[in-house]
Amino acid sequence: MNVNASSQTQTMHSWDALCERYQGRAREALLPLLWEIQTQEGYLSPEAVRAVSQTLRVPEADIYGVIGFYTLFHDQPTGDTIVRLCADQSCGLAGSEALYETLHQQLEEKQGGGGSITLEHSTCLGLCEHAPSTLVSRRGEPDIAYGPVRSLDDALGELPNTPGVVAAGYPAVLLAGVQGKRVETLADYGDYAGLRRVLETMTPQDVIAEVKASGLIGRGGAAFPTGVKWESMWANPPERPRYVVCNADESEPGTFKDRVLMEGRPHLLLEGILLSGYAVGAQQGYLFIRGEFPESARRMQAAIDEAACAGLIGENIMGTGYSFKLEVRRGAGAYICGEETALFEAIEGKRGFPRIKPPFPTTHGLFGAPTAVNNVETLCAVPGILRHGAAWFKQWGTERSTGTKLVSVSGHVARPGVYEIAPGVPLRTLLTEYCGGVRGDLQAVLMGGASGTFLSPDQIDVPLTFEDLRAIGSTFGSGSVIVYNATVDLRDVLRRLGRFFQHESCGKCFPCQLGTQRQLEILNRAEAAIPGDRQRLIDIGLTMTEASLCALGQTAASAVLSALEKWPDLIP
């Protein structure tokens, strides 16, 4: 909602200097250039689009298609300041809807027709432990994300994000030294001992064997064995270029562990990316960070610069002859880009449409070349494995869920935040001991985020492992845990989930595009449901699950279906 946009008068051709720096680049530079122009100008004018088209040799129609696809880009004038207020699960529980209406009214009164602030709803900002949260963009200045926001003054000024990180009751591994807003520098972290050991004493095959022996599985949700993925990269001809991509597009409502790692321990992630590059024979990598994490992008770039000055990344690393280049790419607001092939499309300067699989990324990935894609937490686990060995990693967890695991807890708990656990800890212990207990009477727990499933109060003794949750029809997913007390209307929760997926569906396949729309229509009338709505939701959900192209559509009804199963009277 544009309360009152500022004057549209722009400095003529002020983007020329930006375009000049991108001369000779191809379409893959489209998102970075659009970000630079929008930050400077406030929006992407037709004149700016024309200049970008001429610089990168991309048709203007294609550029407008990209701008329209990503929610953080604007092709129309906005206010000098854009305030985006989260309206998803945890922020909704914290009153963001009522706050939005209050802010809108206050802005109208304050600006009186002459202001320059645009107020918008936003999907999850990944600040669930600081709900309700906001992303603020000021023309000519870096974006800032923060919370909790309680007033107009909060929304227009940077607030400190109070610490929301708590380690479990044993020496932390991934969260070691993470406190509040402090960032671990290279001097704090050390000289990449795992990478040094690998480059001096191990072959790529040795690295893969150690990772396989550790039992490390993907922490992004799919839980695929990391070593097996890396090993499959070597089935490709050696003369083909290979890429490593770190998927930091953490957009699942209720999930914010990767943000904490990037902002608190950027060198741990950077060392993990370098180790993965060596293991798969790649010399080029991309770190794709969601657009709503501006501080993560800044801290990761600072860490890369710091490591480059120390000879830990770039040409001839540590004098061993191995070279690796890493680029940070900032997304622009599209949940679908968490899907690995849609992420490739975004890096290549296109709309984030998922590709049909097979072929798989390990043979045809980024730029059509073999690509290894891993989640932030997965890569952060690798340095410890290569420093201390697979047996060290396996001392935590269970036989099938090895190592430590991060969980993001939000909603009605006393201490929301990121917790490092040993898989096997009961969910009840996490909630009552680590998180300080549930605020009010427990009604439900949503495991795995928006695409996860609900647990009822009588199921919270389940051990937190991939296998135990799967055995009761639930999922660990990316480690999201959203807690709802008895004051919550679960139909409102389902409406927010339906709205999220309807908004984020890319529209490439009909089962997801039409299914998410129809699902939301039915959920919107839940209090006055038409007889048969429950069965309609089941039919739509099963159709999306079976027929959608990618995981977004395949899981868009997971939470709804599980709620209908556990609470049959919720919707008749």
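How do the residues of the lining of the largest cavity divide into nonpolar, polar and charged? They divide into 3 nonpolar, 6 polar and 6 charged. Ala, Val, Leu, Ile, Met, Phe, Trp, Tyr, Cys and Pro count as nonpolar, Asp, Glu, Lys and Arg as charged, and the others, Gly among them, as polar.

The model is predicted: local features need pLDDT of at least 70, side-chain atom pairs count only at pLDDT 80 or more, and totals for chains, interfaces and linings use all residues. Residues are numbered from 1 along each chain as its sequence is written, and side-chain values use heavy atoms, with hydrogens and water left out.

**View 1. The largest cavity.** Its volume is about 140 Å³. The whole structure holds 3 cavities of 30 Å³ or more. A cavity is a set of points, on a 1 Å grid over the protein atoms alone, where a 1.4 Å probe fits but cannot get out; lining residues have an atom within 4 Å of a point. Points are joined across faces, edges and corners, and a volume is the space filled by probe spheres set on them. The lining has 15 residues, with Q38, G42, I82, S137 and D143 nearest the centre. α2, β1 (81-86) and β3 each give two or more residues to this lining. The largest share, 3 residues, is from α2. Helices (H or I, at least four residues) and strands (E, at least two) are DSSP runs, numbered from the N terminus.

**View 2. The second largest cavity.** This one has a volume of about 70 Å³. Its lining counts 13 residues. Nearest its centre lie P354, C506, C509, C512 and C550. By class, there are 8 nonpolar, 4 polar and 1 charged residues.

**View 3. The second largest pocket.** A pocket is an open set of points with protein on both sides within 12 Å along at least five of seven lines. The volume here is about 560 Å³. Of 20 lining residues, P32, W35, E36, V328 and R330 lie nearest the centre. At least two lining residues come from each of α1 (16-21), α2 (30-41), α14 and β8. α2 supplies the largest share, 5 residues. The lining divides into 9 nonpolar, 2 polar and 9 charged residues.

**View 4. Helix α14.** Just after the helix, G311 takes a positive phi of about 75 degrees.

**View 5. L34 in the largest nonpolar core.** L34 is among the residues with the most contacts inside this core of 82 residues. A nonpolar core is a set of buried Ala, Val, Leu, Ile, Met, Phe, Trp, Tyr and Cys residues joined through side-chain atoms within 4.5 Å. Beyond four places in sequence, L34 touches L44, V52, I63, V66, I67 and F73 (contact: heavy atoms within 4.5 Å). Apart from this core lies another, of 60 residues, including W230, A297, I313 and L406.

**View 6. V413 in its loop.** V413 sits between β10 (405-411) and β11 (417-421). Its relative accessible area is 2%, so V413 is buried. Leaving aside neighbours within four places in sequence, V413 contacts L431, C435, G437, V438, R439 and V483.

Conventions
Buried means under 20% relative accessible area, exposed over 50%, partly exposed in between (1.4 Å probe, protein chains only).
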